[in-house]
Amino acid sequence: MADSKMADGKTLATQVAPVQNASKPKQVHYPFWFGGSASCFAAGVTHPLDLVKVRLQTRAPDGPRTMVGTFAHIVKNTGFTGLYSGLSAAMLRQITYSTTRFGIYEELKSHFAKPTADSPTGSPSLLTLIGMASASGFIGGIAGNPADVMNVRMQSDAALPPAQRRNYRHAFHGLVQMTKTEGFSSLFRGVWPNSTRAILMTASQLASYDTFKRMCIEQGGMADNLGTHFTASFMAGFVATTVCSPVDVIKTRIMSASPAESQGHSIVGLLRDICRKEGLGWTFRGWVPSFIRLGPHTIATFLFLEEHKKLYRKLKGI
């Protein structure tokens, strides 16, 4: 009888042990560059939409006023390849900006993750996620500013009169030319509105994605699969576009300005001039193309990122 109880006890122990271990999933540490890689894939898909957004935000008074009109204008004047103007700068921007902000954010998130009874995965609270994302975005904004200036300039160059075009062959040629003609400081033109936008973007995009994903799984009863990733990233894209729109317009205006236009103009002065000439409507100018660009970009980025993680776990046997 005793032997049978002991045997039953051993059997029960061996049955319970895996359940106890299962309640504490292993914390996986992913490579730092995953976010930048996923963002590069996404940028390759959504670059034409980003180009149209920049053209609308910097359009001349007689330029196309709609997204469709801008698309048609670009294709008519520069051909289909014109939709990919500045792609090298866009890729460089993702390699610097997105790698930094995603990498730091994931490092901080894994550091502060502590499993609890309410959250077995140890996901930090929304306020903690926003704080970590804001810090990551600020550093990423500074790291990616030179490439961001180049991205805006190369995208808006073809819309300028021929005499005012810079004609950068690619991103690195543009960086060298800017440094020679405008000085090293030109690489960090608009760094403060850009960093502010990067804070808002990272906080509204990354923190909201993690929050929406957790809500879908824990409250919506959804599985951690493609459908959940798509739903959470779509909502994160909507939030990010709305939060970042005003700062995005200011950033684009400053970065695309020539030295003569920007001389003697502070950010406050620029805001005052824009409000006097255009009213408060400038705040959400280009919102629709911004969302049409940022929504798919956000969705593609997180889908690629989740696939990166899935493949990594498979290769590591986790």
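Tutor: What follows starts with a surface patch, moves to its aromatic rings, and then turns to other parts of the chain.

First, the ground rules. This is a predicted model, so local features need pLDDT of at least 70 and side-chain atom pairs count only at pLDDT 80 or more, while totals for chains, interfaces and linings use all residues. Residues are numbered from 1 along each chain as its sequence is written, and side-chain values use heavy atoms, with hydrogens and water left out.

The protein has 12 helices and zero strands. Helices (H or I, at least four residues) and strands (E, at least two) are DSSP runs, numbered from the N terminus. Of the 318 residues, 46% are buried. Buried means under 20% relative accessible area, exposed means over 50%, and partly exposed lies in between (1.4 Å probe, protein chains only).

Here is the patch. Phe 138, Ile 139, Ile 142 and Trp 192 make a nonpolar surface patch of about 370 Å². Patch residues have over 30% relative accessible area and no salt bridge; like charges are joined within 9 Å, and nonpolar side chains (Val, Leu, Ile, Met, Phe, Trp, Tyr) within 5 Å. A salt bridge is a side-chain nitrogen of Lys or Arg within 4 Å of a carboxyl oxygen of Asp or Glu. The areas come from the Shrake-Rupley method with a 1.4 Å probe, and for residues only the protein chains shown count as cover.

Helix 5 (residues 126–143) gives the largest share of the patch, three residues. Ile 142 sits in helix 5. Its relative accessibility is 31%, so Ile 142 counts as partly exposed. Phe 138 is also partly exposed, at 32%. Trp 192 is exposed, at 54%.

Next, the rings. The structure holds 12 aromatic pairs. One of them is Phe 138 with Trp 192, which is stacked: 6.5 Å centre to centre, with 20° between the planes. Phe 138 lies in helix 5 and Trp 192 in helix 8 (residues 191–218), so this pair ties together parts 54 residues apart in sequence. For the terms, rings of Phe, Tyr and Trp (its six-membered ring) pair if their centres lie within 6.5 Å; planes under 30 degrees apart count as stacked, over 60 as edge-to-face, and the rest as tilted.

Phe 234 is in helix 9 (residues 226–256) and Phe 291 in helix 12 (residues 287–316), so the pair ties together parts 57 residues apart in sequence. Phe 234 is partly exposed, at 39%. Phe 291 is buried, at 17%. Elsewhere, Tyr 30, Trp 33, Phe 34 and Tyr 312 form one aromatic cluster.

Last, helix 2. Helix 2 (residues 34–57) bends by about 65° at Thr 46, and Pro 48 follows within four residues. That bend is the angle between axes fitted to the seven residues ending there and the seven starting there. Helix 2 is mostly covered, with 21 of its 24 residues buried. Thr 58 is in the loop between helix 2 and helix 3 (67–78). Thr 58 is partly exposed, at 24%. The C-alpha atoms of Thr 58 and Ala 159 are separated by 8.7 Å, although these residues are 101 residues apart along the chain.
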